[in-house]
Amino acid sequence: MLIPPSPQDCPEDPIASSAWLLALREGGPSALTDLLAEADALLEAIASTPGDMFEVTGRRRQDYTQLLARIQTSRGLIDAVETRTVVALDDATRRDRRGAMRDASGHEANEEGLGQEAHGIATRDLSLTTRRSPADAGRTVTSARRMVESMPHLLSAMISGRASATSLYGAADATSVLDADQRAEVDTLLHGRFSTLDGAGTRKWKAAVATAIGELDPDGEALRHRRARTRRHLMLARGEHGMATLTARMPAADAQLVHKRLSLEAERRQVRGERTGHGALMVDALADTVLGREDGMDSVRLDLGVMITDRALFHPGVGDVAHIEGYGPVPAEAVRDQLRAVTTQPALGHRDPFGDDGPAIRAVIRRLYTHPTTGELVQMDSRARTFPPAMARFLSWRDSSCRGPFCNASSRQRDHIVPHARGGLTSLENGQDTCAHCNQKELDTLNVERLEDAEHPGHQIAWTGYSGITRVTSPSPLVRPAAEAGGVDLADGEGVDGADRAGGGAGESPKGVP
């Protein structure tokens with residue numbers, strides 16, 4: 001058992017005492033296990049028999065919010081220690097398997113096969129120990145190694161509590177297509193953007209990684225997208241109580257169109273008087289249509305906002321990613337050919353591939369302007385209480401998903417940051433996209449306000465809970481800020497200056513957008 005030195009031996013803070021830390025490090029994992037076991041015994045006693053610990057009489061509410069904040073800090077530190085432990089377990093397993101194979105055969109084992117076998121053993125042990133699914137445990141082992149070996153900034157963010165372990169593991173998992181050097185570059189790039197990811201959930205962390213990958217390795221990103229398209233598939237997973245989950249892996253543009261079509265059909269059915277929830281109606285519409293039931297969806301045309309820089313549309317390889325409305329960043333390769341096909345007028349004398357409806361449904365390219373340092377879309381105003389269609393569409397383009405902290409939901413509603421009832425303007429400055437839950441922020445949040453920060457310009461929203469903790473959310477930039485882009489030249493020699501330009505397409509753009 002590791003016994004900390006007495007105050008007489010260490011007059012300074014014993015936690016910061018080098019002698020105590022040295023003893024703990026020299027004791028290795030066994031010493032740390034003993035230390036955690038002692039803490040666990042105390043916590044178990046408090047959790048099972050709290051006594052007066054949680055008696056609120058005579059205690060401030062702030063005492064509990066401070067305790068909650070401390071628990072969160074401790075959880076982040078435990079997660080960081082677990083990350084290093086998982087990697088050490090994988091290494092120790094590999095060492096032991098190497099020794100066992102050497103003893104059995106008398107010569108060195110194949111390292112690649114050895115590594116796969118050791119990884120499988122470590123993954124299973126982690127799964128059994130932590131009650132994770134084997135698939136989740138495997139991703140944990142792999143992502144933990146990525147953070148420990150080549151993504152130190154992500155690991156530091158976990159230690160400092162700047163992001164949750166779930167979000168950081170998701171970000172590390174999203175770099176699976178990169179080698180160690182490229183992963184380190186992404187880690188450095190994300191480190192410079194931590195201030196804009198303070199309130200980001202796992203979905204936005206993964207989007208930030210996708211954007212960074214597209215910037216650092218545009219040629220490789222296009223190749224990875226083409227390869228990923230060949231792995232389209234549909235999966236059926238058994239659920240509880242006679243239910244099941246149907247999952248389709250498909251190109252992002254098609255997936256977003258399917259989701260949008262089902263969502264609109266669900267809204268139509270609700271207007272028609274059906275009382276079922278929105279999500280359930282989307283499922284009904286899908287089943288009715290695919291199975292050919294009588295009340296399937298009527299045929300309609302859908303428009304989808306696709307934002308892509310002119311340089312990425314016409315000059316592949318510059319590193320700009322495209323953005324799909326309601327989805328987020330995708331490789332420019334994923335939409336470039338589709339945009340060219342639906343925006344190009346047929347040559348004289350050639351048949352229109354869209355037939356007689358071609359002129360009506362052909363996509364429209366409109367210029368949008370982004371802030372030169374943040375890469376975010378600029379604003380326009382309205383005097384109406386409800387956001388007009390053009391402005392609502394603009395918010396969807398800018399925010400891409402719900403702006404609530406750590407919320408990974410798709411946005412469905414346009415929200416006034418300062419409520420209209422309290423004098424809030426109907427403007428892009430005072431507007432944000434939210435899900436239905438986060439749109440009720442006045443009920444569960446102490447304060448939500450737009451920040452004006454000269455050092456960090458952009459559309460930043462501060463959400464403050466009743467505990468006093470504030471998280472800041474920012475929209476994902478559509479293009480690289482000018483300072484990061486470094487004056488990227490187009491193939492014809494024209495530079496990008498002033499406000500970066502992005503084209504909107506794949507559907508009729510709202511009127512009034514510059």
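# Strand pairing, helices and a buried cysteine

Strand β11 pairs with strand β12 (residues 460-464) in the antiparallel sense, over five bridges. Pairing requires that DSSP find at least two bridges between two strands. The structure is a predicted model, in which local features need pLDDT of at least 70 and side-chain atom pairs count only at pLDDT 80 or more, whereas totals for chains, interfaces and linings use all residues. Residues are numbered from 1 along each chain as its sequence is written, and side-chain values use heavy atoms, with hydrogens and water left out.

The chain contains 17 helices and 14 strands. Both are DSSP runs numbered from the N terminus: helices are H or I with at least four residues, strands are E with at least two. Of the 514 residues in the chain, 39% are buried; the term denotes under 20% relative accessible area, with over 50% counted as exposed and partly exposed in between (1.4 Å probe, protein chains only). Among contacts in the chain with a separation of 6 or more, 58% join residues 24 or more positions apart, a contact being heavy atoms within 4.5 Å.

**Sheet and hairpin**

Strands β11, β12 and β13 form, in that order, an open sheet with antiparallel pairing. Because β11 (447-451) and β13 (470-473) each have a single partner strand, they stand at the edges, and one side of each is left without a neighbour in the sheet. On average, neighbouring strands of this sheet are turned by 25° against each other, direction ignored; the axes are lines fitted to C-alpha atoms (for helices over the stretch in contact), and angles run from 0 to 180 degrees between N-to-C directions.

Strands β1 (residues 233-238) and β2 (residues 244-249) run antiparallel and are joined by six bridges. They form a hairpin with five residues between them, and H241 in the turn has a positive phi of about 60°. None of the six residues of β1 is buried, so the strand lies largely in the open. The table lists residues that stand opposite each other in these pairings.

| Residue | Opposite residue | Strand of the opposite residue |
|---|---|---|
| E449 | A462 | β12 |
| H233 | R249 | β2 |

**Helix α9**

Helix α9 (residues 218-229) has 12 residues and spans 17 Å from its first C-alpha to its last, close to the 16 Å expected at 1.5 Å a residue. The expected span is 1.5 Å times one less than the number of residues. The buried residues of α9 are G220, E221, A222, R224 and H225. The N-terminal end of α9 is capped by D217, a side-chain oxygen of which lies 3.3 Å from the backbone nitrogen of G220.

**Aromatic pair**

The structure holds one aromatic pair. The ring centres of F194 and W205 are 5.7 Å apart and the planes stand at 65°, so the pair is edge-to-face. Rings of Phe, Tyr and Trp (its six-membered ring) pair if their centres lie within 6.5 Å, and planes under 30 degrees apart count as stacked, over 60 as edge-to-face and the rest as tilted. The two residues are 11 residues apart, F194 in the loop between α7 (180-191) and α8 (202-216) and W205 in helix α8. Both F194 and W205 are buried.

**Surroundings of C435**

C435 is located in the loop between β10 (431-434) and α16 (441-444). Its relative accessibility is 9%, so C435 counts as buried. Beyond neighbours within four places in sequence, C435 is in contact with C402, C407, A409, S410, S411, R412 and Q413. S410 is 25 residues from C435 in sequence, and their C-alpha atoms are 6.4 Å apart in space.

Conventions:
Polar contact = N/O pair within 3.5 Å; in protein donor to acceptor, adjacent residues only side chain to side chain.
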